[in-house]
Each structure stands twice: as structure tokens, then as C-alpha cells.
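User: I have a structure to read and would like to learn how to go about it. Please take me through a sheet and a chain interface.

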Amino acid sequence: MEPTQPAFTPEPSAARRAALVVTGLSKEYENHRAVEDLSFRVAEGEILGLVGPNGAGKTTSLRSIVGVLPIQTGRVQVCGHDLATQEVAAKSQLAWIPDDPQPFDTLTVEEHLRFSAALYGIRDWQERAQSLLVRFELSEKKDALGGELSRGMRQKLAFCMAWIHAPQLVLMDEPLSGLDPRAIRSAKDEIRRLARTGTAVVLSSHQLELIEELADRILILDRGRKKFEGTLSEARAALAMGDDQSLEAIFMSVTEPTVSP
Amino acid sequence: MFGHPALRLLFVLKLRGGLRMQVRKLRRPSSWIFLIVGGLLVFGWIAAVIFGRNFETARAPVAPEILRLGVDFGLLVLVVLTLVGAFQYRGLYLPREEIELSFSAPLSRSQLVRYRMATNLMRSLFAALLFGFLASRRLPNGLYAFLGTFLVMMTIPIFGQALALALGETENRLGKLMRRVPLRFVSVVLGAAVGIAVVFLIITPGPGMPALLTDGTSWLGDLAAHSGVRAALLPVAPWGRMITATTAAEFLPWFTAGIGAWILLHEMTARIKIDYRELSLATSADVARRVAMARRGGWSASKSQVMQPVKGSGAPWLFGRGGFGAIAWLETTSMLRRARGTLLLSLMVVILLVVLTGSIGRGDGWRPDSLQKSLLFGSLLISMLGTIYLCAGLRFDFRGRLEQMELVKAWPLAPWRVFLATILPETLFVSGLVVLAVAGRAAWMGAFHPVVLAVVAFQPLVVLTWVALDNAVFLHSPVRYVPGQESALQHMGRSLVLMLLRMLVLAIVVVVGLAPAAGVAFLLHGVAGVAKEPTTVVAAAVAWLGIVAVDLGLVWFGGRMLARFDVARDKGV
């Protein structure tokens with residue numbers, strides 16, 4: 001059985017309730033500013049594609065939003081909860097899939113799901129776990145240890161762990177790396193399905209065709225700064241490009257070439 | 001205690017998973033043998049430590065104040081070591097697989113600190129019981145000694161966590177200023193200071209013999225008379241009084257205070273408002289990197305930091321520009337680029353050996369015959385210990401190339417040539433260092449002994465034998481154990497069995513290599529009546545050739561082991 005979700009009626013993005021509001025987020029490391037004054041919002045059921053060259057600040061932004069990194073400047077609200085003042089309430093609404101998920105070496109796949117469910121106070125975890133294992137084709141691996149899983153299997157397990165508490169907001173960093181074509185297709189279907197149930201998704205990837213295919217809106221970051229936020233059509237219009245221009249062309253036009261050291 | 005039900009579940013699942021992993025690794029009979037050997041080794045040692053009464057019966061009764069001083073010294077060492085650990089694990093350490101999940105989950109920082117402290121306490125449980133039993137057998141009142149020691153051992157991890165968080169907060173507040181302080185260096189210095197102090201305490205007071213072996217107690221009293229030492233011992237004195245108490249009236253107040261301190265420290269540490277996330281991420285990444293390094297190549301100079309190459313400079317191509325030369329050049333470059341670790345370790349070993357062997361024969365006042373004796377035994381000792389220590393610490397061979405074996409296996413050379421090219425630079429480097437130490441020592445003493453020439457001639461062959469054997473064994477069973485990994489007993493058993501096997505093979509090699517030389521010596525001197533000196537020279541030459549033959553055999557054997565190596569199976573775990 002799938003995790004139960006309230007029925008969700010798609011509306012224009014601006015009219016929907018915001019699942020994530022980021023205001024003036026900045027993050028500075030010792031020698032450089034990784035993210036500078038970043039603001040954006042993601043509505044319920046919306047998929048936001050986050051793109052940018054290497055070192056643009058995508059991962060730092062995502063890790064700050066999910067609370068892995070402390071926020072130096074700015075504000076993050078998840079489903080109305082301020083991450084700084086209502087940290088636990090905010091985090092209980094979100095799920096995070098890092099770019100290289102690290103399972104516990106000694107725990108089985110099923111135990112990972114049991115633990116994840118416990119983290120979010122989910123009692124009927126078996127049914128949800130069963131459903132997720134089937135959907136992500138991990139049923140046969142439910143007794144396999146985390147340390148025995150291939151890169152693709154680890155990624156699938158990360159999806160299951162993120163999905164198990166039916167989050168209102170999911171943030172993913174390169175979620176499809178390591179997956180085979182069948183798994184990629186199934187993961188894309190699952191992301192769409194999740195958005196249809198009202199969950200907001202922030203998807204960071206270098207696979208521009210994936211973003212183009214899935215995202216309702218895109219956010220282009222370059223050297224820590226927001227370069228563009230909006231739909232593909234809006235991007236084309238802003239850049240005076242034809243309707244046949246791809247996200248790759250937009251990306252190339254918006255971002256600056258990286259200078260080799 | 002664990003802060004959150006899910007974290008308690010995680011602890012239980014990890015514990016169960018560890019046991020399951022252990023059971024899964026016992027599929028083959030050899031695994032059982034290793035486990036039994038390892039178990040016997042560890043439990044035999046523990047039983048000997050706890051129930052052995054040699055020291056106790058050999059000594060006269062110790063005065064209570066001296067006994068307490070001894071306990072205080074031990075406690076001080078534990079506290080300093082905790083401080084060293086806190087420098088290395090600033091903030092809240094969480095393993096790599098836990099950190100992203102925990103920080104993005106709906107858990108408060110206090111819950112995570114409680115979970116970490118509970119995990120640390122569970123890990124310390126075994127040590128607390130062991131030390132408790134040990135103390136109960138050695139101190140006047142067994143029960144009080146056990147309870148007191150147990151309480152101290154369960155307080156130390158909390159103390160360590162509090163220190164780590166406090167240091168983390170200091171780093172958060174001072175920022176760049178604190179980052180300039182070489183904390184790892186400070187912790188190493190502290191650790192070294194403890195080590196030197198312990199060595200000093202053991203060897204200084206006695207006339208040549210370690211003081212603890214000759215006079216186990218009086219030196220403690222002398223040392224404790226020093227006001228600085230007394231001040232340093234003051235913070236641990238209450239624990240010392242609790243552990244060495246002889247009556248309930250003496251024990252209970254300190255024990256109650258100890259429990260109170262535990263609760264207070266635990267709660268304060270859990271409630272302290274510190275944002276440790278960035279430091280924890282850095283610490284976790286650092287530990288993960290070091291564990292991965294250890295799993296790939298062990299703790300050795302070969303895993304020290306790589307230095308930026310100086311433009312225009314490069315390692316010499318000592319063995320030609322072909323495939324063989326390229327592999328040897330690769331290893332030579334590794335040695336040079338990690339020169340800091342290589343040189344530090346090498347110099348430390350060489351200086352230590354020269355200093356240690358410096359006093360051999362000195363008691364006779366450097367008479368010519370004692371000089372000769374010193375040169376003979378000192379050179380042999382440097383050769384033997386230098387080979388063992390340097391070969392263990394400098395691993396610029398297959399032992400450090402586990403992660404590149406897929407590449408190594410694809411190299412277009414015969415396996416024995418790949419094997420030889422890989423181990424040759426290290427062999428020559430170690431040999432060069434040992435020869436330098438032996439010759440340098442002889443020059444320093446201003447004397448000569450034929451053994452110096454023998455070391456020059458035989459050292460490369462001996463090192464080649466050792467390194468070839470080590471690498472062949474490694475290629476056969478490429479297992480690296482990292483402290484904290486599961487299956488510790490099995491790993492210990494395997495290490496012991498492999499070490500015995502290695503010694504056996506080495507003994508056979510020596511016998512096979514030297515037997516023809518012994519035969520030649522017998523024929524020349526015993527049968528034909530040739531003088532002793534020419535016989536020695538001829539026998540040495542035959543022995544040299546014999547060891548060369550054995551080394552060639554070992555290189556061939558190493559090549560076979562390399563050919564047998566399966567990258568899919570032999571992953572080193």
C-alpha cells in the first residue's frame with residue numbers, strides 16, 4: 001500500500017501554498033562566499049530544478065536548507081516552520097537525498113526503512129516499506145546489508161528512506177546518478193507521482209535533460225548567485241531565444257565559463 | 001538515555017547488524033580457526049592481566065599513600081589522553097553514514113549529543129569492566145576498587161565529549177584565529193609528552209635497569225614530592241581516593257560525589273547550546289578519510305600527506321624508460337612526494353637505533369676489543385631492527401596500492417616483473433638507510449669491523465627477502481584491519497597466523513639460502529684445511545649467491561600471487 005496523501009489539485013504555482021521559502025540565504029567559507037543572498041520559493045506539488053556549474057553553490061544551498069549546514073545569513077521556512085526557531089518541526093516535513101548516500105554497512109535494507117520510519121514517528125512502516133521496496137525494485141534486496149549494495153541500489157534505498165514518511169518537501173542532489181535506464185525511468189515516474197500528491201521537490205542535477213523533463217521551474221545558480229528563476233518559457237523570453245531552444249542553450253547563455261586555475 | 005526512540009533503535013540495529021556481520025564472516029573453516037586463535041589470544045591476555053599475581057607476590061606491601069599516587073598517575077594519563085582525543089574529534093563526532101541523515105532529520109542537537117554519549121558509554125563498557133576487575137585484584141578493597149574504577153571509566157567518555165564540544169565552541173567563536181592553531185600538532189605533542197613521561201618514569205630512577213622492575217614504589221614518592229606534580233594530580237585526586245578506599249566511610253562520600261558529578265556533567269553536556277554542525281561535518285569527513293586510508297594501505301608513511309612537486313624536479317628513472325622502469329619510477333615518485341612522512345619515520349627509526357645500540361660495549365670503556373664487539377652487535381642489531389621497522393612503516397609497494405590493483409593487473413608486463421619493479425625502490429631505500437646508519441655509526445666510533453662490509457653486501461638481499469615475502473603474503477590475503485571495524489577477534493587471529501607463517505617461511509628461506517655456504521665452509525676449512533679467513537670470504541660469497549637464488553624464487557612466487565590476485569574477490573575487507 002502506498003503512503004496515504006491528501007488529494008492534491010494543481011493550481012498555478014503562485015496561488016499554491018509555499019512548501020519552501022528561502023530568503024536572503026548566504027553562506028561564506030573561510031576564503032570565499034559559496035552562496036550569496038539567495039531567495040526563492042517552491043510551492044506545494046511543484047518541481048524546482050536547480051542547475052549551475054561546478055562550485056556554483058547548489059549543494060551548499062541544499063545542505064543549508066535541510067539543516068545539515070548552519071545558516072549564517074538568511075531565513076528558511078519549511079511548510080511555514082522557520083528552520084532556525086522551529087528546527088524539529090521544519091525537518092519533520094522534509095526529506096534529503098544527498099549526492100552520495102551512505103547506508104549503514106551493518107543494517108539490512110529493510111532495517112534502514114524501519115529506522116527512517118522511527119525517525120519520523122511512522123508506526124505502520126511495514127506496509128509503506130513493502131510498497132516502496134516493490135516500486136523501487138528492491139524487494140529481492142530487502143535482506144541485503146547496506147555495505148553490499150551497489151551505487152544504484154544505494155540510490156534506490158535513499159529514495160525509499162526519503163519517501164517513507166510522505167514528506168511535504170523533498171530535496172535531491174544528483175538523484176539519478178548510478179541508476180540504470182530502467183531505474184532512471186522508474187525514479188522519474190516516482191518524482192512526478194510525488195509532486196502530484198502535493199509534495200514540493202527541489203531537484204539539483206547536471207543532467208539538464210532531466211531537469212527540462214521534470215521541472216516546472218528552474219533556478220540557475222552561478223558562483224553563489226541566482227542568475228535566473230522561472231519557467232523555461234520565461235527564460236527563453238528573457239533571453240530572446242526561440243521556443244526550440246533547450247535548457248542547455250539557456251544554461252550556456254546564462255552562466256559564465258569556468259576559468260581553469 | 002539515547003535522546004530519541006529512533007536513535008535507540010539505531011543503536012540496537014547496529015549492534016545486531018554487527019553480530020550478524022560477524023556470523024556471516026564465519027562461513028569458511030579458516031574463519032573459525034582465526035576466530036578461535038584470536039579469541040584465545042585476547043582472552044588469554046585478559047585472564048593473565050586479571051588473574052596473574054606475579055607482580056603482586058613479587059613485591060613488598062605498598063604504603064597506602066604510594067598506592068594512591070600510582071592510581072592518581074594512571075588517572076592523570078587517562079585524562080590527558082582524553083584531552084588528546086578531544087583535540088582530534090572537536091564538536092560532535094558522528095560517522096559518515098549517520099551525519100547527513102541525523103542533521104536533516106527532526107532531531108534536536110541535544111538528542112544527538114545524548115545519543116553519541118550513550119554510544120560512547122556502551123563502547124567503554126568493556127574497558128570499564130576490564131579495568132574494574134584489574135583494579136579489584138590489585139587494590140586493598142576489591143569491591144570499592146571495582147565500583148570506583150568503573151565509575152571513572154564511565155565518566156571519562158562524558159568528560160571527553162564535553163571537552164570536544166567546548167573546544168568546538170571555542171573554534172566557532174574564535175574562527176580564523178583558532179584555525180591557525182595546529183590542533184593536531186598540539187594533540188600529538190600532548191600524546192608524545194604523556195609517552196615520554198611514562199618512559200621517563202619507568203627508566204630514569206634505576207641504575208641501568210627499569211625502575212619499575214627494580215624498585216616499584218619509592219620513585220613514585222620522590223616524584224610526588226615535587227609541587228608541580230602534586231598540582232597536576234589534584235584534579236584526579238578525588239577519583240584516586242574513591243578507588244583506593246578501604247572502608248565504607250571513606251568510599252561512600254567520594255562515590256556519591258562521583259555519581260553526582262557524572263549526572264551533572266552528562267546533563268550539562270547534553271544541554272549545552274552549541275552549533276557543532278560544521279565542525280562535526282569536518283571531523284566526520286576527516287575520520288572517514290583516515291579510515292578509508294587505513295583500509296586501503298594501513299597506517300604508515302606511505303599514507304602521509306602528498307607534497308606539491310617542485311616545478312622542474314622529478315623522481316629519477318633509476319631502472320630505464322621501459323615498463324619495468326616506469327613502475328619503479330612510480331613507486332620512487334610516491335616516496336619522494338610523501339617525503340615528509342617518509343623522512344620523519346626513517347630518521348626517527350635510524351636515530352633511535354643508533355642511540356639504542358650506542359651503549360653496547362661502552363661499559364668496558366671503549367677498549368679496542370669492546371669497540372669491535374660494539375660494532376659487531378650494534379651493526380647486526382641495526383640491520384635486523386631497521387629492516388623490521390622500516391619495512392613495516394614504509395609501504396611503497398602493493399600494501400599501499402590496493403585501490404589501484406585493477407590498473408596494476410592490466411599492466412602489460414609479466415607478473416614477476418611487475419612484482420619486482422614495485423618492491424625494488426622501497427627495498428633500495430630501506431637498505432640505503434640501514435647501510436647509512438651502520439656505516440655512519442662505525443665512522444662516528446672511528447673503528448672498522450668486517451660486519452660493516454657484510455651489512456653493505458647483504459642488506460639489500462635481506463630487505464628484498466622481507467619485502468617480497470610481505471608482499472606475497474599480502475597479495476594472497478589482502479586484509480587490512482581498522483580499529484573499530486567488526487570481526488576484531490578474527491582479524492587478530494588471522495594476523496597471528498600469518499605472522500607465524502611468515503616467520504616459518506623466512507626460517508626456511510634462511511636455511512635454504514645458507515645451507516650451501518655452510519657446506520662450502522665445512523669442506524674448505526674442515527676437510528681441505530683452508531685457513532679461516534679465506535674460507536669465510538668464500539662461504540660469504542656462496543651465502544650471498546644462495547640468498548640471491550632464494551630472492552629470485554620469492555620474486556617468482558610474488559608474481560604468482562599477483563597473477564592469482566582477483567580484484568573482484570580480494571578487496572581488502
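This is a predicted model: local features need pLDDT of at least 70, side-chain atom pairs count only at pLDDT 80 or more; totals for chains, interfaces and linings use all residues.

User: How do strands of a sheet pair?

Analyst: Strands in a sheet are joined by backbone hydrogen bonds, and the pairing is either parallel or antiparallel. In chain A, six strands form an open sheet with mixed pairing, in the order S6-S7-S8-S3-S9-S10. Its edge strands are S6 (94–97) and S10 (225–230) of chain A, each of which pairs on one side only. On average, neighbouring strands are turned by 15° against each other, direction ignored.

User: In which sense do S3 and S9 of chain A pair, parallel or antiparallel?

Analyst: Strand S3 (residues 47–51) and strand S9 (residues 217–222) of chain A pair in the parallel sense, over four bridges. A:Leu50 stands opposite A:Leu219, which lies in S9(A).

User: Which helix packs on the sheet?

Analyst: Helix H6 (residues 181–196) of chain A does, touching S3, S7 (169–173) and S8 (200–204) of chain A. The direction of H6 makes about 145° with that of S8(A).

User: Now the interface. How many residues of chain A and chain B are in contact?

Analyst: The size of an interface is often given as the accessible area lost when the parts come together. Here we count residues instead: 21 of chain A are in contact with 22 of chain B. On the chain A side, helix H2 (87–91) and helix H3 (109–119) are the elements that give two or more residues. The largest share, four residues, comes from H3(A).

User: What is that side of chain A like by class?

Analyst: The side of chain A that touches chain B has 14 nonpolar, four polar and three charged residues.

Note on methods. Residues are numbered from 1 along each chain as its sequence is written. Chains are lettered from A and ligands numbered from 1 in the order in which they are written. Two residues are in contact if their C-beta atoms, placed from the backbone, lie within 7 Å. Ala, Val, Leu, Ile, Met, Phe, Trp, Tyr, Cys and Pro count as nonpolar, Asp, Glu, Lys and Arg as charged, and the others, Gly among them, as polar. Two strands pair if DSSP finds at least two bridges between them. Axes are lines fitted to C-alpha atoms, for helices over the stretch in contact, and angles run from 0 to 180 degrees between N-to-C directions.
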